[in-house]
Amino acid sequence: MGSGSSVNVQYKYSLQKSENAFKAAVLIQQWYRRHVARLEMRRRCTWRIFQSIEYACEQDQIKLHNFFSYLMDQFTPSSSKERDFISRMFVSGESYKEAELEKFCDYESIEVPDSYIGPRLSFPLLPDHATALLEAFQQKQQLHARYVLNLLHETRKHLKQLPNISHVSTCYSEEVTVCGDLHGQLDDLFLIFYKNGLPSPSKSYVFNGDFVDRGKQSLEILVILFTFLLIYPKEVHLNRGNHEDHMVNLRYGFTKEVMQKYTVHGKKILRMFQNVFCWLPLATLIDQKVLIIHGGISDTTDLDMLEKIQRDKFISVLRLKKRKESSRKPEMQAINGERESGSDAAGKEAAPRLSLQPQSAQAPSTANRLEFSRWLRQTVQEQIDTCRRLVDISESEPEELTYSSMVSLKDVDEPCWTRQQEWKQILDILWSDPMPQEGCRENKVRGGGCYFGPDVTEKFLEKYSLQFLIRSHECKQEGYEFCHNRKVLTIFSASNYYEIGSNRGAYVKLGPDLIPHFVQYQANKTAHMLTMTQRISRVEESAFRALREQLFAHTSALISAFKAYDGDNTGRITLSNWATAVESVLRLGLPWRMLRPQLVCSTKDGMLEYKSWLDELAMEQRSQEHIQSSLLEIIYRNRSNLETIFRIIDRDHSGLISFEEFQQTWKLFSSHMNIELTDDGIDDLVRSIDFNKDGNIDFNEFLEAFRLVKQCPT
């Protein structure tokens, strides 16, 4: 009996011990799940902050373009000097005739000194040249300007022979590797080549645009890719992205990078890059089944039209939207000394398609010679353009439609509907994003392109007998992501895009079966040593720092919004009203109530003293004590726009603009801003901000002009 009792006690003890261990395991599991859930929630909030700020910045770029379009519409030049200035300001991306471009490039006249120790190129290029470039760039060496220009010259000649849509077959290589955005991050390209191997006759690559901007080594990436393109023209394929656009480069860093690295020949190199970008193919088709485009599609995307577009006309997709006849006509008449007559109905409505048949629009009366002459020339020009298209005859080097060409066409108004349609086709494939909802709508978040739903994808794939789409354009945490029932694949190759540890990079490999195989990586060694918690905390800190800058930049608007909820003028509002007011001002679509603990440190009785909170934000951002808070707010909010404007005016990219350019710019802005300055006032302003009295204005002095004008009574 005693032994049996002892066994029962031991059994109960073991059972109790196992039960406690089980409960402990459940508690640990619950704790771990809550911990992972909190980390995931923090990660998602951080991700939304970064993406919202990024897309808002892109939207600002579109708004800036629209601002300049408005200025062109509203400002009537009063003299030939002003007209020439506007033309020069807005045609920085104009096309050169072949002979003019050859003369402008003129790389043969640039001597390479004996002291130069970097890589040397000779054409035709060989694989050894590519290897030498890779080694040189790893050692932080720089390619001489002569070789850069020579490489761009040869690349342009090659790209001009390529179709708009490149065709790749897996029959000629074991597999095709598709890479997404690199954005100037050379380490990611090195890691891709290390893991996957260099381009070769048995290893094809498709690089899907956005090679430049944001990162610091965009130029080196382009040099490497163009070199491999010339060595293996059948195995290396490059698509154009939305950042292969000189107007975008002005804002996001590539223009600045080139001018810093090549102070003497930077202008020539930039001009050549602009021309090379417009010759990049628009898409790549693998085995007639997988379409690779940078952004996406819309419900009007037409591959047949994309194949026939003269892609070199669109040097900047942001600035080729031709003004409507109704808005251009008064200015044309003012320049020509004419009075405004009746509206031209034919200019408002676009014909649905080109035709050799006479247009239905009735000819003006022959009594009005000017109107009849204009109608006759337009009709003839339309028929000439139609014939050229139908028999595939084009000019040797078509000029980009620019403001100057609009002004010079006094009596001839070429049809704009075909170019408008072509422009939209390119804009959509470079700027669009997929969405989970059905349909197709304007992409107001980015400011360009559209959002397309799974139904649009399905119809498009069915129409062209495709299996799926590969696109880039969006940063993804894992480097890739499927959507639309795995019919749309996003691939993004720039790791640590927002911050170290924010995301992996990835590339995808396709064999003859067209089944995607992914390779993910982290190019930064620090990211490998961080735990998940450390990585999220680091990225989160960077995201909230950027968000506080955005809040500070909108201080004045926030105060007005807060006061709307503070009827008694107590200086205090509820946290709920705080969240609503902040979203109404910033419009970032963020969960402000969830983010509030990271942004609002302390509250009393659930109420926020908003003036004290804004003062704390100002203390964080005020880096220079002598700058007043209101001015610093203006600079934070507008610095990117102001810097872009400055670079547009600074056509030679010297970092300086002349007095005359500054004076003409202020005249141009006065039609849009609530600032009225006389010519004498502008002269006084330009002299007062030229601190070093060198007769030119740098960017810091340019910002000073906005400070002085801000203080002047309007």
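**Entry 1: strand β2**

I started with Cys 179, whose bridge partner in β3 is Phe 207. The model is predicted, so I kept to its limits: local features need pLDDT of at least 70, side-chain atom pairs count only at pLDDT 80 or more, and totals for chains, interfaces and linings use all residues. Residues are numbered from 1 along each chain as its sequence is written, and side-chain values use heavy atoms, with hydrogens and water left out.

Strand β2 covers residues 175–179 and strand β3 residues 203–207; I found them paired in the parallel sense over 5 bridges. Two strands pair if DSSP finds at least two bridges between them. Helices (H or I, at least four residues) and strands (E, at least two) are DSSP runs, numbered from the N terminus.

I then looked up burial in β2: 5 of its 5 residues are buried. Buried means under 20% relative accessible area, exposed over 50%, and partly exposed in between (1.4 Å probe, protein chains only). Glu 175, Thr 177 and Cys 179 point one way from β2, while Val 176 and Val 178 point the other way. In a regular strand the side chains alternate between the two faces of the sheet.

**Entry 2: the open sheet**

I traced an open sheet of 6 strands in the order β1-β5-β6-β10-β12-β11, with mixed pairing. Its edge strands are β1 (165–168) and β11 (480–483), each of which pairs on one side only. Inside this order, β10 (residues 468–471) and β12 (residues 488–491) pair in the parallel sense over 3 bridges. Leu 469 stands opposite Val 488 in β12.

**Entry 3: helix α4**

I checked the length of helix α4 (residues 127–138). Its 12 residues should span 16 Å at 1.5 Å a residue, and the end C-alpha atoms are 17 Å apart, which agrees. The expected span is 1.5 Å times one less than the number of residues.

I listed the buried residues of α4 as His 129, Ala 130, Leu 133, Leu 134, Ala 136 and Phe 137. Seen down the helix axis, they fall within an arc of 165°, so they line one face of α4. The arc is that of the directions from the helix axis to the C-beta atoms. On the other side of α4, I noted Asp 128 and Gln 138 as exposed.

**Entry 4: aromatic rings**

I noted 21 aromatic pairs in the structure. Rings of Phe, Tyr and Trp (its six-membered ring) pair if their centres lie within 6.5 Å; planes under 30 degrees apart count as stacked, over 60 as edge-to-face and the rest as tilted.

Phe 254 and Phe 273 are edge-to-face, at 5.2 Å centre to centre and 75° between the planes. This pair links distant parts of the chain, 19 residues apart: Phe 254 is in helix α9 (residues 254–261) and Phe 273 in helix α10 (residues 266–277). Both Phe 254 and Phe 273 are buried.

I looked next at Tyr 507 and Tyr 521: their ring centres are 6.2 Å apart and their planes at 35°, so the pair is tilted. Tyr 507 lies in strand β13 (residues 505–510) and Tyr 521 in strand β14 (residues 516–521), so the pair ties together parts 14 residues apart in sequence. Both Tyr 507 and Tyr 521 are buried.

I also found a cluster in which ring pairs link Trp 47, Phe 50, Phe 492, Tyr 497 and Tyr 498.
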